[in-house]
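Good morning, and thank you for coming.

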Amino acid sequence: MAVSGPRSLCLLTLTVITTFTNINAQAPWDAQQNYSRGFQRHSPCERSSCYPATGNLLIGRENRLSASSTCGLKGHKERYCIVSHLEERKKCFWCDSSPQTSNKQPALSHRIENIVYRMNPWTNKPTWWQSENGVENVTVQLDLEAEFHFTHLIITFKTFRPAAMLIERSYDFGKTWQVYRYFAQNCDAAFPGVSKEPQRTLTDVVCDSRYSSVAPSTEGEIIMRVLAPNLQHLYNDLYSQKVENLLKMTNLRINFTKLHTLGDDLLDDRQEIQEKYYYAIYEMVVRGSCSCYGHASRCLPQEGVESKADMVHGQCECTHNTKGFNCELCEDFYNDLPWKPAGKEINACRRCNCNNHATSCHFDAAVYELTGRVSGGVCDGCQHNTMGRNCEQCKQFFYRDPNLDFSDPNVCQPCNCDPGGSLDEGICDSYTDESSDLVSGRCHCKANVEGRRCDTCKNGYWNFDENNPEGCQPCTCNTLGTINNEGCNQVTGECTCKRYVVGRDCNQCLPEFYDLSDSQDGCKPCECDWGGAFDNNCDVISGQCRCRPHLTGRSCSNPDQSFFVAQIDHLTLEAEAANCTNNCQVEIREPYRDGQETTWTGLGHMLARPGSILEFVVDNIKTSMEYEPIIRYEPKMPGEWRQVEVTIERPSPVDPNGPCANSRPQDDFKQISLSPDARYIEMPPTCLEAGKTYKIKLLFKPDSPHPASPTASILVDSIVLLPSLESIPFFVGNPIADNRKKDYLLYQCGSAFFTVIKGPVPDICKKYHYSIGYYVYGGAFSCS
C-alpha cells in the first residue's frame, strides 16, 4: 500500500497501534486459573491484560459535541467569503445553521456535528463546521458519558489552520482541566513562557509550531499524539500508572485563540474584513477506546445510549473480578487485594477468604501492609458466631468444634460452663493450642475447680459452692494417706484412705503399720518377729518393734551380741541326770570314732529294768502353755515294752485364770508302750505353768511277756518338752496364723526334733524355730 502525506502517515501509525492492542488482547491462557465468573474459553483476558479495540470516539456522540460559536445559529443567516476567491464576484456564500434550515437545506448548515463525518450520510456531499465571522476565541468540546482512553487527535481544516490554539482534557467530567499541548505560529507571542523544545518527559507540556503556518489554505491538518513518538523509550510499559493517567479522558476541549488574518493587521468590526476570517473544520477524529484499565477486551453500550456502526462504547465488559463502567472497582467479595490496573500482571481482584461466614468484605490498606502485602481483605458482618478479619475465629463465649471444618455454619458452639465454678462470666477457650495450653471448649475455672465445664472440685477439695470465690474448700486430708492423693469425698468431705491408713483425715497408719508416705498402700506393715517381739505393734515413725530381752533389730529378729536363740528342743531333760530308783544305772557313751553321728544327747543313757523309776525335775518353764513330751529311747530287747506309766506331779493346783485352767488331773497320768522299732514316742500335750517345778516320773512295770527276765532293759536318752503349736499365738486365731501352721506341718518343722538325729532343716522351718524359741523361752540366751 502506498502511503504519502501527513494524514496518511498518521493513519499508518494508528493502524500499527491498533494492531498491537489487538494482539495483546488475544494472548493464550492457562485454563487452570480462572479470574472471573463467566469467562469464556480462549478469552483474551484470561492470562494477560486486555484492551478494547480503538476507534473514533465522535461516532454516535454528535449530541455530545458543542462549539462556543457556530455561523448562522442565532436566527439569521450569515455571509462568509473565501479569501482566495475574493477577486471573483460570486465567491461569497451563506451559512444558515438554524434547526429549520439544517433539515431543509443541509448544504447551508455548518453545525458542529458535521465534523464527525467528512461527507453527509444523506446527500453524500462534503460537510463541515464553521464558526462565526471574526470571532477568535472559539472552543470545540466533546463531553463523553464515561472515562475513555484517548490516543490521537486529527483535525482537518476547511480554511486556514489557527494561528494559535491549545488542546486540553479532563478526566473528572470537567471538574479540572489539563493542557495536552499548545500550537502557535509564534509560540513566544501566543503563549509566553511555554517551552518550544521537544518533549523530554511524558508529562511535559510544550508549544508546537509545525501545524500553525498559513499554508495550506485548506485541507490543513493538526495531529496530536498523546504519547509522543520520540519518547517511546519512556513508555515501554504501556500499563504504568503514568501512562494510564495520560490516556484517560472524560472531556476534550480544543481552544482556538487566534485567526490567521493574512495582510489585515487589525481584525476590526467591518463586515468585509470579518467575513473573510473564521474557523472551519471538515473532519475531526478523536481516536481512543473505552477505558477499562486492562480488565476488558470489549465494551458495551450504556443504558439509554443509541448504538451506531463503528461506535466506541463506554461501558466495559469487565473481567478479572472487576466491575464499574471502567472496571475501576473490584467485584463484591473480591477485595482481598487492592484494585490495580492490569499490566504485565493481570492484577485480578482476589476473592476474600471469609470461611463461608460472611457475604461481603472490604479492602483495608493497613491490614495489607501488616500481612506483608499478602492479604488485605476484611470480612464484613461475620456470621455463625465467628469474628476476625477472615471470620477465622469463634467469638467470645463460643468455641470451635474440633470435629467440624471451620467453614461449617455450626463450627462455633456456645461455651457450656457451670456458672458456679467458672470465671469471666463463663468464657471458654475458643480453640486448641497445645503450646499455649488451650483446649477448645474448656472453661476458665475458679482456683479450686476443674473439669471441662468447671463443675468438679479439684483433688484435695470439696463442697462445690457457687458463692465460694474459689469454688471449693480444701480437704483436711493428709494427701500422703489418700488414694492417688485424691483427698476427700467431694460431696461429704470424707477422706478416701489408702489400704493401711485410717482416720477421718487419713493421717494415721493402721495398728501394726508405720511410716505414712506416698506409697501405694500408705503405710508399711510392722512385720515384727512373731516370737521376738511382744506383739506386732511398732513405732508409727521408725517401725521399731518392742523386743523381748536380748533381741535387737527393727523387727526383733536378731539376738544381741553374745546371745543366741534357743532351739525348740531346748527343754531337754537328760535321763542320766534323772533320779533313778530300783535297779537302774547310768551308761556313759563315747562318740563314735568313725565319724558316725551320735544317736543320744548328753553323756549317754539311763538303763532301766522292770520296776525302775526315773524321776525328771522340770524347773525352767518360761512360758505357761501346753508342751508335747517326747521320750527318746533305744530298745534293748526285741519285744515291745507295753507298760510304762508316766506321771506328772504338780507342785500346786493350776491357776484357774491362767493358760492351764482347762487342765484335768487325769491328764497328768498316762500309760504308754515303747515299740522296739521306734526311737521315740510322742505323748499328748500337757500344760505347764511358768515358774513352777514339776516332776515327771517314768515307771517301767514288768512287761507280761517277760515278767521275771533279769535281762529285760531299755536305754532311756531323754524327755523333750516341745512347745505345742496350739498354744503359740502366731499359729492360731486368724487365717494368716492358720496358714503358718499349715506350712509348719507341711514341712514337718516339729518332727525334726523328735529324734536326736535331725537331718537337714528347711529354711522356712528355721524362721519358725527362731520365732518359737524367742516366744517360748522369753528372748535370747547368753552365750556364757
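A disulfide is counted here as a pair of cysteine sulfur atoms within 2.5 Å. Before the examples, please note that this is a predicted model, in which local features need pLDDT of at least 70 and side-chain atom pairs count only at pLDDT 80 or more, while totals for chains, interfaces and linings use all residues. Residues are numbered from 1 along each chain as its sequence is written, and side-chain values use heavy atoms, with hydrogens and water left out.

How many disulfides does this rule give? The count comes to 26 disulfides.

Let me begin with C526 and C538, whose sulfur atoms are 1.9 Å apart. The torsion about their S-S bond is about -70 degrees, so this disulfide is left-handed. C526 lies in the loop between β30 (524–525) and β31 (533–538), and C538 lies in strand β31, so the pair ties together parts that are twelve residues apart in sequence. Strands and helices are DSSP runs numbered from the N terminus: helices are H or I with at least four residues, strands E with at least two. Both C526 and C538 are buried. Buried means under 20% relative accessible area, exposed over 50%, and partly exposed in between, with a 1.4 Å probe and protein chains only.

A second example joins C660 and C687, with sulfur atoms 1.8 Å apart. This link is left-handed as well, with -80 degrees about the S-S bond. C660 and C687 are both buried.

Which cysteine sulfur is closest to that of C783? It belongs to C547, but at 17 Å it is too far for a bond. C783 counts as exposed, at 54% relative accessibility.

I turn now to the charged pairs. A salt bridge is a side-chain nitrogen of Lys or Arg within 4 Å of a carboxyl oxygen of Asp or Glu. The structure holds 34 salt bridges.

In one of them, D529 pairs with K767, the closest N and O atoms being 2.6 Å apart. D529 lies in the loop between β30 and β31 and K767 in helix α8 (residues 763–776), so the pair ties together parts that are 238 residues apart in sequence. D529 is buried, with a relative accessible area of 3%, whereas K767 counts as partly exposed at 32%.

Another salt bridge pairs E145 with R61, where the closest N and O atoms are 2.8 Å apart. Both of these residues, E145 and R61, are buried.
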